[in-house]
Each structure stands twice: as structure tokens, then as C-alpha cells.
Amino acid sequence: MSALAVLVPVLPLLGALAPLAPLRARGLGFALAGGAVGGFACAVAVAVHVAGHGALEAGSGFLYVDPLSSFFTLTIAFVVTLASLGSVGYLRNEERTGELNRLQLRLYTAGFALFGGLMLASLETGNLGLLWVLIEASTLASALLVGLEGKARSLEAAWKYIIISSFGVTMALVATLFLFYASSPLALSPNQRLTWPALFVHAGLLQRDSLRLAFLLAVIGYGTKVGLAPMHTWLPDAHSEAPSPASAMLSAALLNTGMYAIVRFQAVAIPELGRYTNHVLLVFGFASIAIGALFMVRRGNFKRLFAYSSVEHMGIISVALGFGGVLGLYGALLHTLNHAIGKCVLFLTSGEVVQRWRTRDAGGVVGVLTRAPLVGGVLLLGSLAILGTPPFGLFLSEFTIVRAGFRGSAWLAFLLLALLVLAFIAFARTTADMATGEPAEGVAQERQSIVTALPLLAGMAALLLLGLWIPGGLNSLIMRSIGAIR
Amino acid sequence: MSVLATAESLSATSTSGVLLDLSAVVMLLCAFACLGSKLFDRYVAYYAVQSIVLSLAAGVVAYALHQPALWALAVLTFLIKGLAIPLATRRFLLDRLELHRDVAISTGLSTSLIIGAFLTAFAYLAIRPSTLPHALVASAVVPLSTAIVLLGGLAMVVRRHTIAQLIGWLILENGVFLGAITLTATFPFIVEAGIFLDLVAAVLIMITFVSGLALRLATAAAPELRELRH
């Protein structure tokens, strides 16, 4: 079973070898998709095993898959699968139009495979030092994708992304050091002092001052990756400049990986620090929701709009972790999954729109429904889904989170509701205008290819399914994840 | 390795402890010197000196605590941070782009030095040796490395040129590293090696981006990076 767990990141990573073969864009895309589908299949098998038999541990904690990591692995493997299917269409189109040269196509393939594989690997390690190393490495791979198009704008976004997130991630390294230091009273080997399960068992004995510093720095450091305000400033630029499938990965996978690290730190910190951890997450969470919602009011680049929506949703997840309790954690995990699928679909849709309209400005796009019925439909329904409208999954998870809020303090729950309404209005008025209306002349009516339609339809179907019915297996995986960190 | 042995061989009065304290002070001075300079090649030179001193510090800890893995790290630090990164920056960025004076500084040099002094004082106040659970290390090193981290951050904030920001980040990184080798000398080597590898990859990518940006914009100063605004 450990071998299968190793295959989860390794299969997508193999895609990085595809550029060595004399393949055209289509072949490169299918290599990525093949690896991702294989990785997802292994992730499902591992999840079934972990849900039944408990955590997998090998290599003195360097490989550690408990239900929580399995849940995140499943989520991210699904996102990587959708995004790599989206990459097939993207690569083919860029080759046809000549926007990217052969070297850039190969760089994209290698960067994408490394990005996805390293993120999946980071979720499967119990060693917090290795977690840091892998998250930083996946960041570097994604920076390549952001700067890929090589224009001044995308290089600028990539620079901003890499310098801000390197700064943040260095803070996360300091957090890891302090956590290591906090464990010095324990009779553990140096390696175990960095291994999450060992730390979790002894969490009540950690040195308090160092632990507090470790937790705060981890929230700030990994929070920079998550895009929690006020460390979110790289996020809209990187998301708007990256190729759309890469934006989907950034928003739906990278941010969640950062959140996963925060969840791990919080679980270790709670026994000693108690409600303090919740308060920290509530402050950052509400700040992110407010900033995300306010910046969505501005109409303009629609990929930036989606990016600010990610800031808002990461804020919601952080608030849910802040509310805490079984209900709060359940909401946080379910919302992670729902948001990941929804945002992945929206960014892939945005890629289709950019390809046809050749603009990222929402004002320049009218009548998507008429010109490209499938893309327009997914844009409209996907927007409704991401805003938490029933019958989609996000309604259920946001409802759970608000309920968790009412258990704690009612006015915080009301504040959350008010911000959600603001976000709804701000987001929907832009995307509704894009989808409806009479399209201008000159936008070619293209045939919808099956490859590009597949990830959009699969994602929407999953969102709808999660809104109507949570499969028993998923439910028990989430409950076991909560059990693993409480 | 027992905690007790660590405390004895690295206490502030032992020879190794004094050497370690001294290296930390020199590293802090390098950070200040960098903050007080306006010439790109000085930035790089101060960073190189700081890294070489850091590799000495790593050697001292390796010797005092008998950690063979740290010897490897000391050598790597010397070769990569002390020689390779400064040379690459000079050759691929400074010489190629013909950069000399940094004109993109938002705060005057004296002001940033004064802020730097305040940050150093703050580091001492915030991290008193007494707040550390054991008197594990030469007492001055932890506040000094915190001060270096803060000064590196300050350099990133007041400097707007991308190369100056890159150097600021590298100085910050050196501060973290100094804290790491003293506070957590027993950090698993495989993790430490991974951290090092990430650093090297990050610097390579950053150098690529900066030269790419400079070629396109003819200037890589961050205030000129205005396209992505609201």
C-alpha cells in the first residue's frame, strides 16, 4: 500500500519527462493527463485503504498518510486531473496560433508536471521539514508557469509572486525551526521532533513561548501561500497572468496545500495554546473575506475577479477553522473540496473565454452563452455555484460553516453572512453580464472539442453531486480526518 | 546527543561560543553595511562576506558539536553562497545590465540605518536569552540572527530595484540559517539539504526573471513595474 501512496505523486511527476520525447503539443498534453489520471486513481485506492485501516507510515515518518492527508490528496489529485485535461486544449491551441514556441510548450509541460507532483508529495509526508521543502519546490515550479509567456507583464507577475512567496515561505521555515525548538523538552530523536504524528502525540508538552511563535509564523508564512490578507498581494497578479490551467492549479491546489500546512500546525498548537489559535485564524479569515469581497466590486479583468474570489474563499475556510469544533472543521474540509472543484472549473472556463475573445477584460466580453453555449452555461452555473447557491456543493459547506458560527458567537456568523452577500453581488454582476447579452461581431463561432468540454462537465457534475448528496465514503473520510487532528 | 553536552560546548564563555558570537556580529555588520550602501557591486560583496562568515560559523558549530553533516553544510555554504551566487549575480546581472548605482531607494540611507538600529534593539528586547527554554547556545546568536532577518526584510522593503530585493532576501535567508545551525544543530540533514537545494533553485529562477524583465523593460526597478495595478 505504501508503494501505491508513493505512486500518487510519482505518476504525475513522470509527465516532466514527456518534453524529452519528440512529441507535439497534443502528445505533451496527453502525457500530463495520463499521469494525473493515474495519480488520481492511486489516490482513490489509498483513501479507501486509509479510511478502513488507519494511517500509513513508512520511512520513519517521511511517508505518512493519515485520513487528513488522504482527503487533501484526493482533492488535489482531482484538481490536477481536471487542470491537466484543460492543458491538452491549451497546449494545442497555443501551438496552432503560435503564441508559444516549442521550447515554451516543453517548459510548460515540465513545470506543470513538477508543480502537481510536488504538491501531491508534500501532502503525503509527515515530516514538517520535508513538507516545507516540497511546498517551496512546488512554488518554484509554479513560478515558471506564471512567467511562461515571457511578456513583461507575466514576468512582472512572476517576479512579484516569487519574491513575496519566498519571503513568506522563509517565515514558514522559521516557524518550523521554532516548532523543532519547542519540542526540545521531549525525549525524541531529532528526526521525530520534526515528524507530525510524534509531535501531535506529545503536543501538550511542547514549550509554550516557542510554540506560540511557531504557530503565528506558520500562519503568516504558509498564509502567504494561502493568500490570506494582508499577504495576498501576489495572488491576483499571478492568477491573471498565468496560463488558465495553471491559474486553476494555483487557486484550487496550491492555496489548499498551504492551508493543509496551517491545519497541521494548528492541530499541534491547540492542546497548549487552546482558543488562541482559533482567534488568530478568525482575524486573518475575516480580513481576507472583507478584502476579497471589496476588490471584487471593481469590474475589470475577470481572471483577477476569480482570484479575489479565491482570497475570499480561503478566508471562509480560515474562519471555519477559527470557529472550530467538529462542525467548523467539517465545513472547512468540505468547503476546501467544493471550492477547489468550483474554482478549477471557473479558471478553465476563463481560459476558453480568453482563447475566443482574446481579452481578459470583462467589459470586452459579452454574450458567451450565444457564441459558445457550453462555455457560457458553465460560466453562469459555475459562478452561481462558487457563490454558494443551491443546489451546488458550496451552498452546503457554507451553510455548515455559518451554522458552526452560530454555535459560537452569533454576531460573527452575521458578519460572515453579510460579507457573503456583498461578495455575491460583486461577483455575479460581472459574470452575468459576460454570459448574457448580444455578442459583438468578429468572435468566431468555434466547434467545442470534447477534450476541452470534458473537465468542465466533470467538474460541474461533481459540484452538483456534492450539493445533493455526500457519498458515505467521503463523509467517513472527512469524519476520520477530523478525528486525526482533534 | 544529549542537551547537556550541547550546552557545555557552545556556552557563551567557551572558545567556540565566542567565535560563534563574533561571526554573528560580523554578519550583522555586513547587513548594516549593505543597508547603508548605494552601489550594486557593494551589495553583492557584502553578501559574499556575510555568507563566508556564515560558513565559518557553521564550521564552528560542526566542530563543537561533532556533527559531520554540518561540515558538509559549511562547505556547501562557502562554495554556493559565498562564491557561486555572488559571482553569478555579478556576471549575469550587474555586468550584463551595466548596473552601478541604485537610484530606486524609497528611504534615505541614514533613515534606513536608524530604522535598522531600532529593529536590532527590538530583536534584543523580543528575544532575550531568558525566554529560550535552555541556555543552549551562545546567548547573543539568537537575537543577532533575528536582527539580521529583520534587516534583510527592511532592505527588501526600502529597496525597489529587483536585484536589491533579491539581495535583501538572501541576507534574510542567511539570518534564518544562522539561527537554524545554532538553535537546531541537530536538524535532520536530509531536510537541511533540501532547504539548501530550494534556495539554489530559487536564486537561479530569480536571476532568470530579473534578466528577462530587464531585457524587456530596459529597467528592472520595481517602481517601473506598474502595469499590474488596479
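Student: How much space lies in the largest cavity?

Tutor: About 110 Å³ of space lies there. This is a predicted model, in which local features need pLDDT of at least 70 and side-chain atom pairs count only at pLDDT 80 or more, while totals for chains, interfaces and linings use all residues. Residues are numbered from 1 along each chain as its sequence is written, chains are lettered from A and ligands numbered from 1 in the order in which they are written, and side-chain values use heavy atoms, with hydrogens and water left out.

A cavity here is a set of points, on a 1 Å grid over the protein atoms alone, where a 1.4 Å probe fits but cannot get out; lining residues have an atom within 4 Å of a point. Grid points are joined across faces, edges and corners, and the volume is the space filled by probe spheres set on the points.

Four helices of chain A, α3 (67-97), α10 (244-273), α13 (325-357) and α18 (450-468), each supply at least two lining residues; helices are DSSP runs (H or I, at least four residues), numbered from the N terminus. The most comes from α13(A), with four residues. Among the lining residues are Gly86(A), Tyr90(A), Ser244(A), Glu352(A) and Leu456(A). By class, the lining has five nonpolar, six polar and one charged residues, where Ala, Val, Leu, Ile, Met, Phe, Trp, Tyr, Cys and Pro count as nonpolar, Asp, Glu, Lys and Arg as charged, and the others, Gly among them, as polar.

A search of the whole structure finds six cavities of 30 Å³ or more.

Terms used:
On a 1 Å grid over the protein atoms alone, a cavity is a set of points where a 1.4 Å probe fits but cannot get out, and a pocket is an open set with protein on both sides within 12 Å along at least five of seven lines; lining residues have an atom within 4 Å of a point.
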